[in-house]
Amino acid sequence: MANPTVLLETTSGEWVLRPAMAQAAAWHRAGLLMTVSVNVSANHLLQPGFFAHLQATLARDPEVKPEHFELEVLESAAIADIEQAIGILLDCRQLGIHFALDDFGTGYSSLTYLRKLPIDTLKIDQSFVAMIGVDALSRHILDSIIELSGKLDLGIVAEGVETIEQCEYLAAQGVDFLQGYL
């Protein structure tokens, strides 16, 4: 019998991909060439048919180039079969899809993931951003993640930016994109 959690993640993941792509297509038709990012669970990524479903989703809206579509994989998610995941990500990369490792610094933080996974972007978890100006150790970890991303030639997104102080600090550190309520 199939695991109901995996089945739910797969079904909801497929349900999310279709409208995200449709929204990207609408924005592109309106002249807004934005990249759309969609979270994908590790379980969904590893399901048979994930790649075929993604191809079909891309084919439905050909005006959206695959390079304007990014999949985010949670760093805190245990990827049961890392070699299988790498194979799927590489197949998707052949289509032009980009990948982000989301909530970096909160889960397994395996440097092996950074070395092996074909990712384009690190998304720093908001817990580190929240500690800017409060906790020197968290700020040093944040600075190290930013420096590491630069040395690995990865884009960097800081999540949870809510204050001008955070915005100014992250911009001064060379963070590519800021995400949050500010």
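Start on helix H7 by selecting Leu137, Gly150 and Lys151: these exposed residues sit on the face of H7 turned away from its buried side. As you look around, keep in mind that this is a predicted model.

Now widen the selection to the whole of H7, residues 136–151. Its 16 residues reach 22 Å from the first C-alpha to the last, close to the 22 Å expected at 1.5 Å a residue. Next, colour the buried residues of H7, which are Ser138, Leu142, Ile145, Ile146 and Ser149. Turn the view until you look down the axis of H7: the buried residues fall within an arc of 95°, so they line one face of the helix.

**On to the sheet**

Show the strands next. There are 6 of them in an open sheet, ordered E1-E2-E3-E4-E5-E6, and the pairing is parallel. At the edges you will find E1 (36–40) and E6 (177–178), each of which pairs on one side only. As a reminder, strands of a sheet pair through backbone hydrogen bonds, either parallel or antiparallel.

Zoom in on strand E3, residues 98–104. How many of its residues are buried? The count is 6 of 7, so this strand is mostly covered, with buried meaning under 20% relative accessible area.

Stay with E3 and look at its two partners in turn:

- Select E2 (residues 69–74): E2 and E3 pair in the parallel sense over 5 bridges.
- Ala100 stands opposite Thr121 in E4, while Phe104 has Ile124 of E4 as its bridge partner.

**Last stop: the largest pocket**

Finally, bring up the largest pocket, which holds about 380 Å³ of space. Which residues are closest to its centre? Select Thr35, Ser37, Glu70, Val157 and Phe177, the closest of the 16 residues that line this pocket.

E2, E4, E5 (155–158) and E6 each supply at least two lining residues. Which strand gives the most? That is E5, with 3 residues.

Technical notes. Residues are numbered from 1 along each chain as its sequence is written. This is a predicted model: local features need pLDDT of at least 70, side-chain atom pairs count only at pLDDT 80 or more; totals for chains, interfaces and linings use all residues. Side-chain values use heavy atoms; hydrogens and water are left out. Buried means under 20% relative accessible area, exposed over 50%, partly exposed in between (1.4 Å probe, protein chains only). Helices (H or I, at least four residues) and strands (E, at least two) are DSSP runs, numbered from the N terminus. Two strands pair if DSSP finds at least two bridges between them. On a 1 Å grid over the protein atoms alone, a cavity is a set of points where a 1.4 Å probe fits but cannot get out, and a pocket is an open set with protein on both sides within 12 Å along at least five of seven lines; lining residues have an atom within 4 Å of a point. Grid points are joined across faces, edges and corners, and a volume is the space filled by probe spheres set on the points. The expected span of a helix is 1.5 Å times one less than its number of residues. The arc is that of the directions from the helix axis to the C-beta atoms.
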